[in-house]
Amino acid sequence: NDLQNLPDVNIDIVISHTAPSSFNLKVGKEFPDKSREILEYVLNKYRPKYWYFGHYHKYRNGRTNGCTWFGLSECRDPMNKWWMWLK
C-alpha cells in the first residue's frame with residue numbers, strides 16, 4: 001500500500017535498514033527478503049545519489065546504477081570508523 005503513495009519528488013539520499021536487491025553485498029547465504037525488492041523499486045523510481053543502510057553490521061560500499069551506497073558497521077568496530085566522516 002505504501003508503494004502506491006510514494007511522492008513524486010526528487011530524493012538525493014535514502015537511509016534504510018536493509019538495501020535494494022541490486023546492491024552486490026556478498027554477505028553469504030541470504031534468505032528471501034521482500035523488503036529488498038521494495039527498496040529496489042524505490043531505487044529505480046528516485047535514483048538517489050547516496051544510500052545508507054546498516055542491517056548487515058559490516059562496512060561495505062559500492063556504486064549501483066549511479067547510486068553510491070554504504071553498508072554501515074557497528075560503531076564499536078575498531079576497523080571501520082565510517083562515523084568519522086559523517087561529522
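**Side chains and strands**

Analyst: Start with Arg36: its side chain reaches the backbone oxygen of Ala19 at 2.8 Å. Keep in mind that this is a predicted model.

User: Where is Arg36?
Analyst: Arg36 is in helix H1.

User: Is Arg36 buried or exposed?
Analyst: Buried. Its relative accessibility is 7%, and the cut-off for buried is under 20%.

User: Step back a bit. How many helices and strands does the chain have?
Analyst: One helix and four strands. Along the sequence the pattern reads β-α-β-β-β.

User: What share of the residues is buried?
Analyst: Buried residues are 34% of the 87 in the chain. The chain exposes about 6,300 Å², and carbon and sulfur atoms supply 53% of that.

User: Now the aromatics. How many aromatic pairs are there?
Analyst: Five. Take Phe23 and Trp51. Their ring centres are 5.8 Å apart and their planes sit at 85°. Planes over 60 degrees apart count as edge-to-face, so this pair is edge-to-face.

User: Which parts of the chain does that pair tie together?
Analyst: Phe23 is in the loop between strand S1 (13–16) and helix H1 (34–46). Trp51 is in strand S2, residues 50–53. The pair therefore ties together parts 28 residues apart in sequence. Phe23 and Trp51 are both buried.

User: And Phe53 with Trp69, what kind of pair is that?
Analyst: Tilted. The centres are 5.9 Å apart and the planes are at 35°.

User: Where do Phe53 and Trp69 sit?
Analyst: Phe53 is in strand S2 and Trp69 is in strand S4, residues 67–71. They are 16 residues apart, and the pair links distant parts of the chain. Phe53 is buried at 2% relative accessibility. Trp69 is buried too, at 3%.

User: Which residues do the ring pairs link into a cluster?
Analyst: Phe23, Trp51, Phe53 and Trp69.

User: What about Lys45 and Tyr46?
Analyst: The charged end of Lys45 sits over the ring of Tyr46, 5.5 Å from the ring centre.

User: On to S3. Which residues are on its covered face?
Analyst: Arg60, Gly62 and Thr64. Asn61 and Arg63 make up the uncovered face.

User: Why do they alternate like that?
Analyst: In a regular strand, side chains alternate between the two faces of the sheet.

User: How many bridges join S3 to S4?
Analyst: Five, and the two strands run antiparallel.

User: New topic: His57. Where is it?
Analyst: His57 lies in the loop between S2 and S3. At 44% relative accessibility, His57 counts as partly exposed.

User: Which residues does His57 touch?
Analyst: Leaving out residues up to four places away in sequence, His57 touches Leu72, Ser73 and Glu74. His57 and Leu72 are 15 residues apart in sequence, with 6.1 Å between their C-alpha atoms.

User: Last one. What share of the contacts is between residues 24 or more positions apart?
Analyst: 42%, counting contacts in the chain with a separation of 6 or more.

How values were computed: Residues are numbered from 1 along each chain as its sequence is written. This is a predicted model: local features need pLDDT of at least 70, side-chain atom pairs count only at pLDDT 80 or more; totals for chains, interfaces and linings use all residues. Side-chain values use heavy atoms; hydrogens and water are left out. Rings of Phe, Tyr and Trp (its six-membered ring) pair if their centres lie within 6.5 Å; planes under 30 degrees apart count as stacked, over 60 as edge-to-face and the rest as tilted. Buried means under 20% relative accessible area, exposed over 50%, partly exposed in between (1.4 Å probe, protein chains only). A charge sits over a ring if NZ of Lys or CZ of Arg is within 6 Å of the ring centre and within 35 degrees of the ring normal. A polar contact is a pair of N or O atoms within 3.5 Å; within protein, one must be able to donate a hydrogen and the other to accept it, and residues adjacent in sequence count only if both atoms are side-chain atoms. Two strands pair if DSSP finds at least two bridges between them. Contact means heavy atoms within 4.5 Å. Accessible areas come from the Shrake-Rupley method with a 1.4 Å probe; for residues, only the protein chains shown count as cover.
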